[in-house]
Amino acid sequence: MIATRFKRCTPPLVAAVLMGVLSGAELAAQGEPDSLIPLGTTKGERYNRLVIRGVTVISGRGTPGTNRAMPPEGPVDVVIEGNVIVDMVPADPVNLASRRSQRPTGDRILDASGMYLIPGLVDMHAHLPRNGGNLGPQALEYTYRIYLGHGVTAVRDAGTGAGIREMAEQRRLSAANQIVAPRLVLCQRWPLPLGRWNEGNTPEKARAMVREFKALGADCVKVSKSPGHYPDVLEAIVQEANAQGMFVMTDLKVSETDAAVASRLGVRSIEHWYGVPDAALPASQNFPPDYNYWDELDRFRWAGRLWEEADQYPERLSAVIDLMIRNGTNWDPTMVVYEKNRDLARAVTLPWRETLVHPHELAAGPDSTVHGAYHREWKTSDEVAWKRNFQIWMKWVREFHRRGGLLTAGSDDGELGGISLIRELELMQEAGIHPIDIFKVATTNAYQVLGWERHCGVRVGCIADLAVVNGNPIDNLKVMYGRGYGFYGILPREERVKHGGVKWTIKDGVVYDAQALLREAEWYVAQEKRRLGAVADGETR
Ligand SMILES: [Zn+2]
């Protein structure tokens with residue numbers, strides 16, 4: 001699924017929110033150290049020789065064939081020349097005492113004492129917005145800043161509102177560091193079943209369509225519920241994609257194909273969880289007689305019972321997991337995008353909604369015509385079912401991880417992917433995965449799926465895609481949330497921005513002030529509130 005898209009339905013609430021936030025933003029704009037910064041102000045810089053001094057390293061690397069990752073090591077002076085890590089010098093008391101050489105120096109020194117260095121995070125499932133759409137004229141720039149502001153240096157898009165041609169140009173500009181953006185990997189979506197069941201619906205048509213996608217500039221193919229799900233068609237898609245140097249990611253939903261079929265066909269990534277419990281069932285899912293897949297309330301309500309049903313056959317589920325691991329199939333669960341199903345009230349009161357969520361999203365409500373906006377009736381029983389569903393789902397995610405499966409982290413978000421990805425890491429900890437391992441999952445596991453060999457974590461010779469975190473994320477993942485959002489309710493509001501967050505994000509050797517980028521995103525939200533407020537005023541006159 002994509003991130004929840006609601007339509008406007010509560011104007012009085014909107015007005016109240018607008019008034020409250022605008023006054024805060026305007027106060028902040030009056031020259032305080034944490035004032036908002038106009039979008040586009042902050043520039044990154046690459047240095048001939050950069051030293052990150054006194055940092056504790058979380059390498060994101062580990063033992064091959066397992067998900068066992070290296071624990072923190074520090075303090076270390078990390079030396080970067082251009083876009084490559086060229087030296088790592090231990091600066092702990094024992095090593096300092098036994099060494100005569102000076103500590104390394106360079107054109108720029110980042111004092112990172114007490115901070116932690118991680119490889120750049122990868123959001124393996126995003127839906128980037130288009131400029132000029134619901135999120136306003138600079139939607140992409142806004143989204144990019146939220147990503148980089150949270151240490152995310154690469155994003156795999158699973159179908160963008162901007163269109164592949166426009167995004168291919170964005171990908172080029174980002175690769176050349178001519179725009180402030182994470183690296184982009186673009187999966188072109190198979191034609192969705194919106195009256196297009198006759199497109200890409202046979203193996204022959206599928207092969208031609210994959211070649212078309214390649215010509216348009218796609219790196220990969222994303223198959224959602226569509227004619228691409230027919231097993232014979234999916235097989236043709238995978239074969240042709242591989243021949244073209246592309247890979248396939250699938251969102252299986254409820255279709256003819258399940259995770260076992262997709263894994264055997266050579267699909268690279270299975271998204272969400274669709275098809276995994278289904279593959280363990282000996283017969284059809286136990287949906288009620290009036291179930292209708294295309295009624296989204298039905299779909300998501302009954303999806304919340306599937307893991308419990310499949311868990312009655314643990315040996316079969318275990319075999320599905322083993323099959324995926326044997327075939328090297330990547331599982332990218334994107335738990336975060338389903339979290340609202342287990343606690344809807346939490347989802348609509350998240351602290352960053354105040355300053356960082358676009359007013360179009362704030363004004364949203366349930367809507368049967370919008371994908372993901374299905375909570376028009378959400379009962380206690382639905383939340384209870386989804387809570388059980390999460391527990392069993394998480395048990396199998398943990399099992400996949402422990403057996404050495406290629407697990408990754410994705411947000412399935414179109415706007416706040418940077419924040420949602422941090423929440424996904426917290427959900428992985430809730431699933432029982434150690435935070436040390438989580439940083440491998442969210443970094444070098446993803447690089448492996450993408451086939452990026454020079455991206456190899458924090459090690460000499462690897463590309464410098466990194467983030468310096470102001471705190472210990474192994475101890476508390478909440479320090480990863482920018483602008484102190486993670487400390488909501490613990491600290492006075494004016495204190496929060498001084499705590500935690502990513503301090504610097506380094507992409508391709510280019511150093512960005514991560515908090516400044518988030519201040520730009522907040523500025524954009526304030527501007528958009530003003531712009532849309534003006535539009536609303538105009539409408540009432
Ligand atoms: Zn998606």
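Strand β12 (residues 247-250) is covered on both faces: Phe 247 and Met 249 are buried on one side, Val 248 and Thr 250 on the other. Buried here means under 20% relative accessible area, with a 1.4 Å probe and protein chains only. In a regular strand the side chains alternate between the two faces of the sheet. Strands (E, at least two residues) and helices (H or I, at least four) are DSSP runs, numbered from the N terminus.

This is a predicted model, in which local features need pLDDT of at least 70 and side-chain atom pairs count only at pLDDT 80 or more, while totals for chains, interfaces and linings use all residues. Residues are numbered from 1 along each chain as its sequence is written, and side-chain values use heavy atoms, leaving out hydrogens and water.

Two strands pair if DSSP finds at least two bridges between them.

| Pair | Sense | Bridges | Partners |
|---|---|---|---|
| β11 (residues 220-223) and β12 | parallel | 4 bridges | Val 223 and Thr 250 |
| β12 and β13 (residues 269-271) | parallel | 2 bridges | Thr 250 and Ile 270 |

From β11 the chain passes through helix α6 (residues 231-243) to β12 in a right-handed β-α-β crossover. The crossover from β12 through helix α7 (residues 259-265) to β13 is right-handed too. Right-handed means that, with the strands pointing away from the viewer, the path from the first strand over the helix to the second runs clockwise.

Elsewhere, Glu 415 sits in the loop between β16 (406-407) and α15 (417-430). Glu 415 counts as buried because its relative accessibility is 3%.

Terms used: Buried < 20%, exposed > 50% of the residue type's maximum accessible area, 1.4 Å probe, protein only.
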